[in-house]
Amino acid sequence: MARPTRSGRLGFVPPRFGPAVVGGAEAVQAEIARTLADRGWEVEILTTCARDHFTWENVFPPGVSRDGDLTVRRFPAVVDTPRAERAALEARLLAGERLTLGEQQRWMNDDMRVPELFHHLLLHAEEYRALIFTPYLFWTTFACGQIAPERTVLWACVHDEPQAALELFRPLFTGAAGAWFQSEPEHELAHDLGLATGHHRVVGCGMHVPDGYDPEGWRRRHGIEGRLLYYAGRREGGKGWERLLDGFARATAAADLPFTLVTTGTGTVAPPPGLPGRVIDLGIVSDDERNDVMAAADAYLQPSRHEAFSRTIMEAWLAGTPVIANAASDVVRWHCERSGAGLLYDDDAELEQCLRFVADEPAAAAALAKPGREYVLDNYAWPEFVDRIEECLEAWV
Amino acid sequence: MSEPQRILMVAPYPPHRDGIAAYAVQEASRLLREGHQLEVLSPGPSAAHHHLDLKGTRGALALAKRVRRYDRLVVQFHPDLFYEVPSSAGGHAATSAALGLAFRLARSTEVRVHEIDYTLGRAPAPVGPAVVAMLRSIDRLVVHTEVERRAFLDAFRIDPHRVEVADHGGSFVRRTNLDRAGARRRLGIAEDVFSFLSIGFIQPHKGFDRAVEAFAALTAAGLGSPRARLDVVGSVRVEEPDYVAHLDRLRELAAATPGVTIHSGYVSDELFDIWLVAADLVVLPYRRIWSSSVLERAALYDRPVVATRVGGLADQAPAGAVLVEDDEGLVAAMRAAVEPEAARSAGGAAAGPWPSGPLDRERVQAEIRARGAAARGAVPRREDGPPSARALASAVEVSAPVRRIAPLVLPPPVSARPGASALKRVVHRLTAWQLDPVVAQVNALHRAIVAMTDTLAAESTPQRGGSAADGHAETQEAT
């Protein structure tokens with residue numbers, strides 16, 4: 001590509017930013033921002049004061065601060081309604097009902113809002129060469145991404161979920177200067193929904209390759225022995241966590257499986273009865289700790305059907321760990337089939353069989369993971385990924 | 001610039017989709033850029049700093065509690081923001097009184113009037129006097145056209161010095177940098193197609209069904225689809241049965257009219273402007289309106305507009321905008337836009353000279369009929385060329401009895417009797433959702449019968465040369 005000019009200020013607008021913020025989109029945005037700053041771009045983060053995406057409690061102070069090479073502008077998140085109407089409308093949406101445009105607008109606005117961020121961009125959007133918003137579902141993206149659409153670039157994170165089909169979102173996508181997609185299935189879905197009409201590109205996602213892994217050290221530090229399965233991320237219904245726990249409980253009871261399920265991240269764990277001591281929650285851990293658990297695990301479990309990329313399965317493959325994933329996710333299925341390094345399940349019975357395979361054939365399971373590492377290195381190396389990001393920025397804004 | 005002030009703006013606000021919200025955010029941007037400390041209060045959760053249910057006495061009193069904290073109160077006024085619908089006379093008056101209190105308590109109150117019912121000014125007590133008292137408590141009232149100002153002063157008898165005319169689009173900024181070609185690429189509109197656009201909230205009084213009917217007439221004349229298209233773009237403002245029914249009817253009309261597409265749904269500010277940039281003619285066939293943001297936004301991009309002469313549009317319309325009185329005028333204006341040559345030909349000047357030589361009244365009359373028929377799109381397409389003027393004139397005689405029936409128009413809700421106008425307006429508002437579609441349907445049938453009769457008659461007329469002399473000879477032969 002032509003040498004990037006790297007002129008002008010970039011504004012990244014994730015709904016949350018900072019230490020202990022758990023979320024794939026937020027984590028990637030932070031990392032991209034830091035890398036672009038390293039490469040010579042002037043980069044700002046415009047975000048809320050919140051860490052938790054359920055309560056939106058403002059825990060970081062508002063105003064301007066520095067985070068390495070990044071300028072961080074924080075604005076208070078506002079939640080001043082009981083959000084009951086949103087919950088009711090969302091229930092109808094998930095039940096397959098069509099919401100009127102007015103209802104869609106009320107659904108969007110009856111949630112966390114950031115008026116001060118909106119007004120900051122209303123006055124200062126022209127000072128940014130590009131404003132990069134993620135994910136599409138949040139008010140920060142919906143409301144603020146339409147202030148200066150000619151500068152708006154979406155790190156969309158479109159999932160196959162009813163919300164993505166709301167007509168409310170269409171102008172956000174069709175009006176933006178560009179949109180990045182992380183996988184072909186996400187790209188195809190965006191086309192199916194009429195969301196990929198302007199500039200867009202499948203840039204994938206970038207992965208850093210750890211220098212090494214220390215699974216035994218991790219076991220010693222935590223006193224955890226035996227064979228284990230791992231899940232990392234948000235423990236919530238939308239990510240398939242509760243369903244996974246149920247399936248794991250059934251499989252464990254039926255097949256006398258040898259595994260302990262280790263989990264890290266945020267959200268309530270609440271294992272069902274019948275799994276005493278079989279689920280260990282380590283909460284939020286460092287990247288190194290996470291990598292070590294990945295390497296220690298017999299398999300990584302990905303129960304989510306709503307994934308735009310799934311960084312964690314890449315982390316598992318880099319660590320040489322096979323993946324067992326929900327086949328309902330087009331994206332994860334695509335990765336597993338392309339790499340040949342993951343097993344898929346459509347129901348509890350298939351999950352049980354996946355786990356039986358890993359329990360019964362540990363060497364074969366480990367061998368299954370081998371092409372996964374190559375797949376990640378060939379397709380999702382971090383420097384080349386950021387090159388693609390820069391190419392788009394230079395071309396679109 | 002004036003001294004920085006603490007200002008409270010009361011308005012619908014983004015990301016809620018609303019013409020007044022779009023207006024408000026642009027004014028908010030201007031006030032902030034001027035250095036004022038602005039806070040916005042909207043009737044529901046939005047990007048505004050505060051939200052409050054402003055309806056009724058309770059809402060107005062809640063507003064009154066807040067206004068003392070600010071140097072200036074700016075209200076983007078629309079009755080739906082403050083008054084319950086329906087409301088009793090007592091409830092209406094109480095709301096007016098409470099609003100008046102809020103306005104008086106504010107250090108300075110500025111109200112931008114986006115809509116108000118003039119008849120309220122002379123409504124019997126307690127409604128009328130309460131509204132007038134409320135309006136008189138406002139320091140500065142802003143309307144958008146001189147016509148509105150005169151009507152306002154006449155209706156409410158306010159000190160004229162307090163009522164100003166402001167440029168409706170004074171704070172408007174462009175939302176897209178695309179040119180016509182880029183906009184068309186974005187929307188999938190072919191470069192060589194003539195694009196008519198009706199855009200805005202889809203509701204009966206916007207009259208978008210009239211644009212569809214007019215486009216159908218163009219198509220019947222060979223000037224509509226496929227060489228032209230009409231896009232109706234917008235969303236239903238409130239999900240009330242009459243509005244939804246109106247949209248359903250528009251969809252039915254569009255389905256029956258090739259070249260017409262209804263794009264019903266959320267339209268961002270940017271997409272709104274892209275539609276405008278892509279259009280060759282913006283068609284605003286309003287049945288009633290105060291002033292039009294679409295007109296202002298179209299002017300931002302120098303897009304030609306045809307609009308009905310209602311409300312304050314005559315004052316607001318920029319130079320070059322075409323204002324029409326009725327559906328026939330609308331068809332003619334659209335025809336003139338899509339094919340100026342044909343329109344001139346139909347209208348006269350470019351149709352060639354009128355018959356020369358010794359005055360032959362029949363020839364002139366035939367020419368008049370022929371040109372009139374062409375103007376309303378009655379020239380049939382034929383394999384063997386156009387009929388002569390004489391033959392066409394003869395043919396269109398057949399439809400004359402139908403054409404003599406005037407289009408159906410609802411009687412205007414006015415009366416010389418005191419109070420009767422107000423009552424009629426109420427009745428009109430209550431029944432418009434049922435009657436407007438009926439009127440549109442009757443007039444559509446009327447036009448269809450005329451077009452069908454013209455076509456059948458012309459097709460059964462033998463074709464001969466194009467000159468009036470030939471026509472005359474043909475007539476002689478025929479007789």
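Student: Which residues are buried in helix 11 of chain A?

Tutor: In helix 11 of chain A, the buried residues are A:Arg311, A:Thr312, A:Ile313, A:Met314, A:Glu315, A:Ala316, A:Trp317 and A:Leu318. A residue is buried if 20 or more other C-beta atoms lie within 10 Å of its own, exposed if 12 or fewer, and partly exposed in between, the C-beta atoms being placed from the backbone. Helices (H or I, at least four residues) and strands (E, at least two) are DSSP runs, numbered from the N terminus. This is a predicted model, in which local features need pLDDT of at least 70 and side-chain atom pairs count only at pLDDT 80 or more, while totals for chains, interfaces and linings use all residues. Residues are numbered from 1 along each chain as its sequence is written, and chains are lettered from A and ligands numbered from 1 in the order in which they are written.

Student: Why is helix 11 of chain A called largely enclosed?

Tutor: Eight of the eight residues of helix 11 (residues 311–318) of chain A are buried, so the helix is largely enclosed by the rest of the structure. Just after helix 11 of chain A, A:Gly320 has a positive phi of about 80°.

Student: What makes A:Leu368 count as buried?

Tutor: A:Leu368, which lies in helix 14 (residues 362–379) of chain A, has 21 C-beta neighbours inside 10 Å and therefore counts as buried. Leaving aside residues up to four places away in sequence, A:Leu368 touches A:Pro322 and A:Ala341, where a contact requires C-beta atoms, placed from the backbone, to lie within 7 Å. The C-alpha atoms of A:Leu368 and A:Thr321 are separated by 8.3 Å, although these residues are 47 residues apart along the chain.

Student: Why is helix 9 of chain A called oblique to helix 13 of chain A?

Tutor: Helix 9 (residues 241–255) of chain A and helix 13 (residues 348–360) of chain A pack at an angle of about 60°, with their axes 9 Å apart. The axes are lines fitted to C-alpha atoms, for helices over the stretch in contact, and angles run from 0 to 180 degrees between N-to-C directions. Angles under 35 degrees count as roughly parallel, over 145 as roughly antiparallel, 65 to 115 as roughly perpendicular and the rest as oblique. The angle thus makes helix 9 of chain A oblique to helix 13 of chain A. By class, the contact of helix 9 of chain A with helix 13 of chain A has five nonpolar, one polar and four charged residues; Ala, Val, Leu, Ile, Met, Phe, Trp, Tyr, Cys and Pro count as nonpolar, Asp, Glu, Lys and Arg as charged, and the others, Gly among them, as polar.

Student: What makes helix 8 of chain B and helix 13 of chain B oblique to each other?

Tutor: The axes of helix 8 (residues 208–220) of chain B and helix 13 (residues 327–338) of chain B come within 9 Å and cross at roughly 55°, and these two helices are therefore oblique to each other. The residues of this contact divide into seven nonpolar, no polar and four charged.

Student: How do you know that the length of helix 4 of chain B is close to what is expected?

Tutor: Helix 4 (residues 89–105) of chain B has 17 residues and reaches 24 Å from its first C-alpha to its last, close to the 24 Å expected at 1.5 Å a residue, the expected span being 1.5 Å times one less than the number of residues. Among the buried residues of helix 4 of chain B are B:His92, B:Leu99 and B:Phe103, and the cover over its buried residues includes helix 2 (56–66) and strand 5 (109–113) of chain B.

Student: Why does A:Ala270 count as exposed, and what is B:Arg157?

Tutor: A:Ala270 has 11 C-beta neighbours inside 10 Å and so counts as exposed, whereas B:Arg157, with 13 other C-beta atoms within 10 Å, is partly exposed. Phi is near 45° in A:Ala270 and near 55° in B:Arg157. Most residues other than glycine have a negative phi, and most peptide bonds are trans.

Student: Which peptide bond from B:Ser225 is cis?

Tutor: The bond from B:Ser225 to B:Pro226 is cis, with omega near 10°, and a cis peptide bond also joins B:Ala125 and B:Pro126, where omega is about 5°.

Technical notes: Two residues are in contact if their C-beta atoms, placed from the backbone, lie within 7 Å.
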